[in-house]
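Student: Could you walk me through this one? I'd like to go over it piece by piece.

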Amino acid sequence: MEALLIPWVLLLLILLVAVCLLMKWWKTGVAIAIALLLVNWYWQVFSFGICSLDKHKNPNCLRVMTWNICCAD
């Protein structure tokens, strides 16, 4: 159940990075951005790959992993 909180944590970190960069707190914004990438890397919430695994689909599409993968096409 805690895994469902991770996307919300990522959203909060994105908002914090935006606020820090708007306030010109560059070092804090960069540190939070690194934390954002590390959280995403550890829990693998979003896949950043742009190549398709299926050769019949469009190879230039962005693939995003979701929580509901049991009925995905």
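**Surface and helices**

Tutor: Val-30, Ile-34, Leu-38, Trp-41, Tyr-42 and Trp-43 make up a nonpolar surface patch, and together they have about 720 Å² of accessible area. Keep in mind that this is a predicted model, where local features need pLDDT of at least 70, side-chain atom pairs count only at pLDDT 80 or more, and totals for chains, interfaces and linings use all residues. Residues are numbered from 1 along each chain as its sequence is written, and side-chain values use heavy atoms, with hydrogens and water left out.

Student: Which helix is Tyr-42 found in?

Tutor: Helices here are DSSP runs of H or I with at least four residues, numbered from the N terminus. Tyr-42 is one of the patch residues, and the run that holds Tyr-42 spans residues 26-43, which is helix α2.

Student: Does Tyr-42 count as buried or exposed?

Tutor: Buried means under 20% relative accessible area, exposed over 50%, and partly exposed in between, using a 1.4 Å probe and protein chains only. Tyr-42 has 55% relative accessibility, so Tyr-42 counts as exposed.

Student: At roughly what angle do the axes of α1 and α2 cross?

Tutor: Axes are lines fitted to C-alpha atoms, for helices over the stretch in contact, with angles from 0 to 180 degrees between N-to-C directions. Helix α1 covers residues 6-22, and its axis comes within 8 Å of the α2 axis, crossing at roughly 165°.

Student: What does that make α1 relative to α2?

Tutor: Angles over 145 degrees count as roughly antiparallel. The axes cross at roughly 165°, so α1 and α2 are roughly antiparallel.

Student: Where does Lys-24 lie?

Tutor: Lys-24 isn't a glycine, yet its phi is positive, about 65°. Most residues other than glycine have a negative phi. At 60% relative accessibility Lys-24 counts as exposed, and its place is the loop between α1 and α2.

Student: How far apart in space are Gly-29 and Val-17, C-alpha to C-alpha?

Tutor: Gly-29 sits in helix α2 and, at 2% relative accessibility, counts as buried. Gly-29 and Val-17 are twelve residues apart in sequence, while their C-alpha separation is 4.8 Å.

Student: And what separates the C-alpha atoms of Ala-18 and Ala-33?

Tutor: Ala-18 belongs to helix α1 and is partly exposed at 37% relative accessibility. Along the chain Ala-18 and Ala-33 are 15 residues apart, and their C-alpha atoms are separated by 9.4 Å.

Methods:
Patch = residues over 30% accessible without salt bridge, like charges linked within 9 Å, V, L, I, M, F, W, Y side chains within 5 Å. Areas by Shrake-Rupley, 256 points an atom, 1.4 Å probe, with all protein chains shown as cover. Salt bridge = Lys/Arg side-chain N within 4 Å of Asp/Glu carboxyl O. Helix = DSSP H or I, 4+ residues; strand = E, 2+ residues; numbered from the N terminus. Parallel < 35°, antiparallel > 145°, perpendicular 65-115°, else oblique.
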